Each structure stands twice: as structure tokens, then as C-alpha cells.
Amino acid sequence: MSTRTVDAVVVGAGFAGLYALHRLRGLGLDVQVYEAGSDVGGTWYWNRYPGARCDIESIYYSYSFDDDLAREWEWSEKYAAQPEILRYLEHVADRFDLRRDIAFETRVSSLRFDEPTGRWTVTTEDGVQVEATYVVLGVGLLSSANLPDIPGRDDFAGPVLHTGRWPHEPVDFSGLRVGVIGTGSSGIQTIPIVAQQAAHLTVFQRTPNFSLPAHNHTPDPEHIADLKARYPEVREQVRTSSYGILLDPPTQSALEVSEEERIATYRERWAEGTLTGILQAYNDLVRNQESNDTAADFVRERIVELVDDPQTAQDLTPRGYAFGTKRPCLDTGYYATFNREDVELVNLRRTPIERITASGVRTSEAEYPLDMLIFATGYDAMTGPLLALDIVGRGGRSLREAWAEGPRSYLGISVAGFPNLFTVTGPGSPSALSNAVVSIEQHVEWLSDLIAHLRATGRTLVEADEVAEKEWTDHVQAAGNATLYPQTDSWYMGANIPGKPRVFLPYIGGVGAYRAHCDDLAARGYPGLLLR
Ligand code: NA7
């Protein structure tokens, strides 16, 4: 077993890890990155299922830290597909010569803080150990795949795939009877494409989602040229916005305008094809049930228009939770897919799955023979990837113990008792409620400035003060509780994972306000953090 000492270990080589490596290198630090995949990409390395694409416009879902990179890279679609996003990240790795500090196919198995030395011992599954002063966790929000424990799951004789662990070689569905379990973003993106190829597709739906048309297209060159010409200004607007995208903040309540005006606005936003267009049409849609109902009703009416069979349309129509409080989806032809003769929807609320058998899925009503089963069942979001790392901080206390009743964090970036360890877009940061790339850049820049500050002032340790951590954690919950989100069973609430504490995981205060708060703290010498 070899032990080496580095200044910083970064875990993950996706958007977060790559930028952390670049920034920390820029400070003159000796950095080691560990990545479980065989190349860079993170989310975009693992999610190779057909139809996988971003649902934030690519021009914004990309790095802004380097002007030349931003100006030179051309996205071929408004919402780029996974292969193109992966190529982009590979390009970034090449351009900034990042791969030389990344150990691929290397999964970190534990991180232990050693009090006498003030360093972290990072151990990989291969038994390699490294000591590091700083640890940056860029492990993603949605990277711990959830494979639900459905009775008989392992009995199925055919191939079983999870959208977040998709094979690298193309999967051929032709001639097959395919089953998809799950209708979140991943299911909704892949179902139309699988349906085109498969002999028959059965979709097992537990909760219908609100899905909006992506209206994906080739970007208008003039529009892109305009954005690029005023790139610094555009990026500044994005950084100070609520969600990390360009959007005029709504100023009116949905109830302040006439029904006619409201419907006209929703129609316009529906035609634009963005994730947030309808939700951000009015300023109270995620706070006021009556306002929310107006948007939810609008989307429900569109679903009924798009689906021919009345029962299927009813089954696809979400009810009982507020629009937007489960992350909405953007789709290309999702609802129309159910008009195909060879596609069948199974409403698991009416007829739950009893078990998976060797030859298919059995519900309380029928047996569905299948050749292939796809789990589009999501992730143990936000805390899952961090807890999977077996992190033990000061006093031998594990992160699992510290977070037994839900995550506690200062700013979503630092945890009391875990010095010099930073969670990029961790629980309690805008993360999942924002353009992740914008949030990642903000975190990485803030934490690398903090490290630079420590070094410049002769300090070696930083960690969250417990009182500040509690205040921030309470503030995150209070901000969430002022909205309709906590009333819905979603991964934002940890409700998709049996036994997970029910806590609102992201911070809903907005990207711009959060950034301003973080900047203010930095300017004031980082109150809330203990610098030693
Ligand atoms: P999601 O959004 O968590 O969706 C998972 C889907 O799988 C959802 O429809 C779940 O139903 C369903 N699911 C989960 N467990 C089961 C079981 N046991 N039985 C039947 N159905 C189940 O994950 P995605 O990968 O689609 O998207 C994750 C995020 O990635 C997305 O929000 C974007 O940010 C990108 P449920 O709703 O829990 O009833």
C-alpha cells in the first residue's frame, strides 16, 4: 500500500471535479482527482440512455470561466444530447490538460480525517492511499442510482438496465418487448425512442409527471452570435438570476391577471419550450396553491389534448401535487408516444407491481411478458453520493452519523466536524434548483478563493461553525417551507428513497441571492466558518 501526500484530492471528474482541478491547479496546488468512470464526464459519462439530453439550454449549460472556450464551442442543438455534452467535457479536459491528474476507474472507498496531522487519508477501492490537506467532493447530485427493491427483481432472465448506468455499446431494442419502470425525466426522455425501435413497449408508471414540450431545434446562429457578442453581460445576468438561466423575473401573482391573459401567457411559454417558462410566468406559482392550480390545469389540459385514448390520458395526467414541486420534465413526443398501438401504459397506482418474474412483470391485474427491463427509477439524490463515500471526520464521527436525521451543512459547502472538506452543490445550496453548471462554478470559485485566503493568512484548517451550520440548515428548511415543495413526495424531499429523512434538500433562495450572500461572507472574512 503506497501513501503519497498531495495538497488536494478531488472526487469526481464531471462538471464540478474538472473545474475544481483547474482552479486548484491555478492556485499552485498539487491535485489528485479520482474518478470511478473510465473517462471524464460524470453524469454525462454514465447517462448514455437513448434520448438523454440536458433540459437547460446548452448555451447556458456550459462553463463560463474561460471566454475563449465559451466563444469557440458551438452547440448543435438548443438542448444538446448526452454524446455532445460528453464531447464538450472531453474537449475541456484536453484543452486544460486535465487528464494527467485524474486517476480513472478508481473509486474512493473512504475518507478519514486525521486530527494530529490535520490531513485527510483518502483510500481507493484498489487500496491506494493518499493524504490530502483539502478534499473537494464533486460527486454529483444525481449519481447514486436507485434500483428499487421490487420483489423478484433479480429473477428477471433478460437484460436489466438502469438509465443512470447505461452500457457503452449501443442497445438494440428491435424485435424486443421492453418494459420501462419510472416516468421521471429519464423515463420521459427515453420512452419515445425505445418505442420507435421496440416490438412492444410497456411503461410502468407510479406517479405521472408534468412534462412540457422541449421544442428542441438547431440554435439560431444570429441569436447565438448575439449572446456571444455580449457574453460577459449575459453571464453576469445568469449568475445573478434566480435559477442560473436568463429569465425576466416575474413580478405578478397568477391571480392578479385575468384568466384570458394567464392562458395566453401559458400558451406562449408552452410554445417556447423551456423547463421554467411556465413556472416562472408568475411570482407565486410555487407558493400559492390556487395560483399553482392555474398552471397545473393548463398543462393537464394539454396532456388530454395530446393523448387519444381517454383512459390513458387520465392515467398520464398528474394530480394531487403542485406543478413544479416534482421536477418537471422536458420531452420530445412523450405524450404522443402513447398513441402508438405498440405502447401500453400500466398505472401502478391502480394495479401495483406484485413481483418481477423471470419472464416479465406481474401486477395485481396482469402478467406483462418482457425481453428487457429498463429501470428509469432515479437516484438517492444529493446526500446519496456523499454518504456512499464513508467519510469520517473529527472525533471519529462519520458523515452518516452527522446526517442521520437529514443533512446539516453551512451553505451546502462545509459541514461542522469535517474540516477542509467541501461539497460542491451539496444539500443546502441552490444546486438542484438551478442550472447546475452555474452553481458548480460559483461553489468552486468560492471554495478556491477560501483556500487561497487560508494559505495567504497562514491558516491550515477551515470548517463550519456549528451554530452557523444550524442557522443555515434552519434557514434552508424555512425557505422550503414557505413553498409548496414540502407537500410533495419528490427526490427534493428524499421521499423517493424508503427510510430517507424527509428534508427539503436544495436551497430555494435563488442563485443570485445565494451568490451575493456567499460573496458578502468572503468580504467579511468568512463569518460562520472557523479558520485556524
Ligand atoms: P426521477 O425523477 O426520480 O424519476 C424516477 C421515476 O421512477 C419516478 O417516476 C418514480 O415514481 C419511479 N419509481 C421509483 N421507484 C419506483 C418503484 N419502486 N416502483 C415504480 N416506480 C418507481 O429520476 P430520473 O432519473 O427520471 O430523473 C432524475 C433527475 O435527473 C431529474 O429530475 C432531472 O433533474 C435530471 P415516483 O414519482 O417516485 O412515484
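Modeller: A cavity is found on a 1 Å grid over the protein atoms alone, as a set of points where a 1.4 Å probe fits but cannot get out; its lining residues have an atom within 4 Å of a point. Grid points are joined across faces, edges and corners, and the volume is the space filled by probe spheres set on them. The model is predicted, with pLDDT of at least 70 required for local features and 80 or more for side-chain atom pairs, while totals for chains, interfaces and linings use all residues. Residues are numbered from 1 along each chain as its sequence is written, and side-chain values use heavy atoms, without hydrogens and water.

The whole structure holds 4 cavities of 30 Å³ or more.

The largest cavity has a volume of about 160 Å³. Among its 14 lining residues, Y243, L275, T276, R327 and Y492 lie nearest the centre. This lining has 9 nonpolar, 4 polar and 1 charged residues.

In K326, a side-chain N or O atom is 2.9 Å from an oxygen of the ligand. Taken alone the ligand exposes 770 Å², of which the protein buries 86% (Shrake-Rupley areas, 1.4 Å probe). Around the ligand are 19 residues, with T183, S186, R206, T207 and K326 coming nearest; a residue is near if one of its heavy atoms lies within 4 Å. The shell has 7 nonpolar, 8 polar and 4 charged residues.

A pocket, in contrast to a cavity, is an open set of points with protein on both sides within 12 Å along at least five of seven lines. About 730 Å³ of space lies in the second largest pocket. Of the 37 residues lining this pocket, E57, Y60, H223, L246 and T274 are closest to its centre. Two or more lining residues come from each of α3 (67-72), α6 (221-229), α7 (231-239) and α8 (259-272), where helices are DSSP runs of H or I with at least four residues, numbered from the N terminus. The largest share, 4 residues, belongs to α6. By class, the lining of the second largest pocket has 18 nonpolar, 8 polar and 11 charged residues.

Methods. A polar contact is a pair of N or O atoms within 3.5 Å; within protein, one must be able to donate a hydrogen and the other to accept it, and residues adjacent in sequence count only if both atoms are side-chain atoms. Ala, Val, Leu, Ile, Met, Phe, Trp, Tyr, Cys and Pro count as nonpolar, Asp, Glu, Lys and Arg as charged, and the others, Gly among them, as polar.
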